[in-house]
Amino acid sequence: MKSVGHIFNEDSLIKHCSSEVKLRSAKIIGTIVKYSETGKKLLKQARKDGYKLMMIFGENWAGQVDADHKYIVLNACESDERLVETLVHECQIGRAHV
């Protein structure tokens, strides 16, 4: 996925994430880039604004923004389809905090 490397590359993912989580994150980002020009712009802007992407396991939520620490956090328990929508949404919220 060469085209997504400049958006959220491996360096912008939390270093202790497993390779499986990194691949899953890249797949979610790739789907957004492929199908949504607006989503692609939001992802690029989030990266430019210094946000880092991470996935953790949680309950009863899909995503969160930590504007103080510049993290966009996705719930790894959710489906990839849900996380595509969630990541774009969280990028919008993060943009509001800049």
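Mentor: Contact means heavy atoms within 4.5 Å. Helices are DSSP runs (H or I, at least four residues) and strands likewise (E, at least two), numbered from the N terminus. This is a predicted model, in which local features need pLDDT of at least 70, side-chain atom pairs count only at pLDDT 80 or more, and totals for chains, interfaces and linings use all residues. Residues are numbered from 1 along each chain as its sequence is written, and side-chain values use heavy atoms, with hydrogens and water left out.

Trainee: In what order do the elements of the protein chain run?

Mentor: From the N terminus on, the order is α-α-β-β-β-α, which comprises three helices and three strands.

Trainee: Which residues of α2 meet α3?

Mentor: G39, L42, L43, Q45 and A46 of α2 meet L87, V88, C91, Q92 and R95 of α3. Ala, Val, Leu, Ile, Met, Phe, Trp, Tyr, Cys and Pro count as nonpolar, Asp, Glu, Lys and Arg as charged, and the others, Gly among them, as polar. The residues of this contact divide into six nonpolar, three polar and one charged.

Trainee: At what angle do the axes of α2 and α3 cross?

Mentor: Axes are lines fitted to C-alpha atoms, for helices over the stretch in contact, and angles run from 0 to 180 degrees between N-to-C directions. The axes of α2 (residues 37-48) and α3 (residues 80-96) cross at roughly 50° and come within 9 Å. Therefore α2 is oblique to α3; angles under 35 degrees count as roughly parallel, over 145 as roughly antiparallel, 65 to 115 as roughly perpendicular and the rest as oblique.

Trainee: What percentage of the residues of the protein chain count as buried?

Mentor: Buried means under 20% relative accessible area (1.4 Å probe, protein chains only). Of the 98 residues of the protein chain, 43% count as buried.

Definitions and conventions:
Buried means under 20% relative accessible area, exposed over 50%, partly exposed in between (1.4 Å probe, protein chains only).
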